[in-house]
Amino acid sequence: MTVPPMSPGAYAEAVRAALADLPAADREELLEDLDDHLAEVAAEPGMTLEDRLGPPEEYAAELRAAYGGRPAARPRLRLTDRARTRVTGLVRSAHTRSLRFLPYRQAVAFAPELRPAWWVLRGYVIALFLLAVNGQGRLIPGDLAAWAFTLAAVWVSVWVGRRSGMRTWGRGLLVAVNAVAAIVLLGALASPPVEADRGPVMFADGPQPYPYGVRVENVSTLDGGNVYNIIPYDKDGSPLHDVRLYDQDGNPIIVDPEMFGQAIAVPCDGEPPLRNAYPLPLTSGDVREHDGSVPCVMRSPSPESPSPSASPTSSAEPSRTPGPSPKPSPSPSGAQPDGK
Amino acid sequence: MRSTVHRVDSSQLLKGVLDLAVLAVLAKRDSYGYDVVRSLREAGLDDVGDASVYGTLRRLFKAGALNSYVVASDEGPHRKYYGLNDVGRSLLASSATRWTTFAGTMNDLLKEVAS
């Protein structure tokens with residue numbers, strides 16, 4: 001069987017292929033004039049390139065040795081290979097040694113059954129991690145879109161988990177994703193995101209935090225003073241009722257009577273009053289139900305209430321029975337009806 | 001540990017001194033790859049491999065010991081000529097000194113053994 005002699009180009013191509021594992025820059029540097037050089041050799045009459053130089057693979061090996069020269073010049077492949085064999089060897093021997101212990105054997109036998117659970121958890125954790133990166137740091141998805149995203153991530157994670165025969169790069173990526181998921185999971189377990197930091201639950205321990213769902217971040221408060229109620233009067237000295245106060249941005253202005261042992265009286269047969277409708281119908285917060293909430297009030301105002309009772313108004317607010325409200329004289333410097 | 005006994009063969013010896021041999025050839029005159037191979041063989045280093053010489057030239061060039069320039073030829077491919085620069089010359093000088101010392105030591109050692 002006669003094989004036609006290799007052309008210099010084909011020979012050079014075969015050498016290049018045999019050196020494909022070299023870093024691209026090194027290979028380019030080494031093989032820069034290989035074609036011209038081989039053409040020169042081939043121009044010698046009498047013998048084919050392969051007769052003269054041997055098979056391209058051997059030529060490539062000789063080139064590699066001569067170009068690398070000292071062992072230090074080809075550390076890249078060798079070093080990573082050596083590290084990999086060493087690590088896998090360590091893991092394997094540790095595994096073999098541990099197999100002597102029954103709990104480890106049982107865990108190894110049981111572990112595969114846990115894999116689907118890990119796939120689901122992995123997808124969930126990755127989704128929440130990505131959501132957290134986008135500013136929603138919480139342990140359960142916040143809204144419908146976040147839920148859809150999370151479910152999609154779980155689906156993808158399970159799909160990837162069920163698929164076998166990944167390519168090398170895919171397996172590397174998978175290892176990385178698993179590592180990220182595990183780290184995020186451990187981090188989240190160590191310090192769960194504190195939802196109270198950002199949610200509208202600043203006074204969650206208060207008895208009736210903000211009926212009508214006024215969000216704390218959208219209100220103005222009269223901070224710093226001892227103001228826990230506001231008693232408005234018109235210019236003739238007549239008390240006003242159900243006066244709604246807002247700041248320059250349209251945010252409700254609220255006070256914090258709970259901080260002063262007071263509670264907003266909630267009528268038993270009506271809706272709770274607005275937090276920014278003044279004067280607030282306050283009761284002493286001393287009377288509590290078993291669960292710590294303030295009992296609702298019947299239509300007759302409690303006599304010990306220090307605040308003037310609201311009188312019926314034309315607003316949609318449930319009307320309350322007018323009661324004998326204390327009537328302080330208006331003073332130009334401002335109303336001080338309570339003496340508190 | 002694997003224990004081996006080395007029989008001296010010239011290709012093994014050559015590996016250690018190929019740099020020096022190539023530098024010595026180029027010290028006489030600038031030359032291109034295949035021409036260096038031929039010069040070495042004519043000088044008596046029959047075992048020298050084409051790929052070894054080519055790889056050595058590229059490595060010495062990369063290390064900054066050689067300069068190179070392309071000469072267009074009428075018949076056949078362009079030739080890349082290599083020549084020593086200052087780095088190459090000082091490398092040749094120090095390597096030659098070391099080789100001479102080493103060869104002298106070996107000669108002294110073998111003097112008593114030699115028939």
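**Nonpolar cores and the A–B interface**

In this predicted model, Val15(A) is in contact, once its neighbours within four places in sequence are left aside, with Leu34(A), Pro56(A), Tyr59(A), Ala60(A) and Leu63(A). Apart from the core described next, a second, separate core of seven residues includes Ala263(A), Ile264(A), Leu280(A) and Leu282(A). The largest nonpolar core comprises 40 residues, and those with the most contacts inside it are Val15(A) and Leu63(A) together with Val22(B) and Val53(B). Helix H1 of chain B, spanning residues 10-28, supplies the largest share of this core, namely six residues. In soluble globular proteins, nonpolar side chains tend to be buried together.

Between the two chains, 17 residues of chain B are in contact with 16 residues of chain A. On the side of chain B that touches chain A, the elements giving two or more residues are helix H2 (33-42), helix H3 (50-62) and strand E3 (79-84) of chain B, and the largest share, nine residues, comes from H3(B). Classified by residue type, this side of chain B has four nonpolar, seven polar and six charged residues.

Elsewhere in chain A, Tyr124(A) lies in helix H7, which covers residues 102-133. Tyr124(A) is counted as buried because 20 other C-beta atoms lie within 10 Å, and a residue is buried if 20 or more are found within that distance. Leaving aside its neighbours within four places in sequence, Tyr124(A) is in contact with Thr150(A) and Val154(A). Tyr124(A) and Ala181(A), although 57 residues apart in sequence, are 9.0 Å apart in space, C-alpha to C-alpha.

Methods
Residues numbered from 1 in each chain as written. Chains lettered and ligands numbered in written order. Predicted model: local features only at pLDDT ≥ 70, side-chain atom pairs only at ≥ 80, totals over all residues. Core = buried A, V, L, I, M, F, W, Y, C linked by C-beta atoms within 7 Å. Buried ≥ 20, exposed ≤ 12 C-beta atoms within 10 Å, placed from the backbone. Helix = DSSP H or I, 4+ residues; strand = E, 2+ residues; numbered from the N terminus. Contact = placed C-beta atoms within 7 Å. Nonpolar A, V, L, I, M, F, W, Y, C, P; charged D, E, K, R; others polar.
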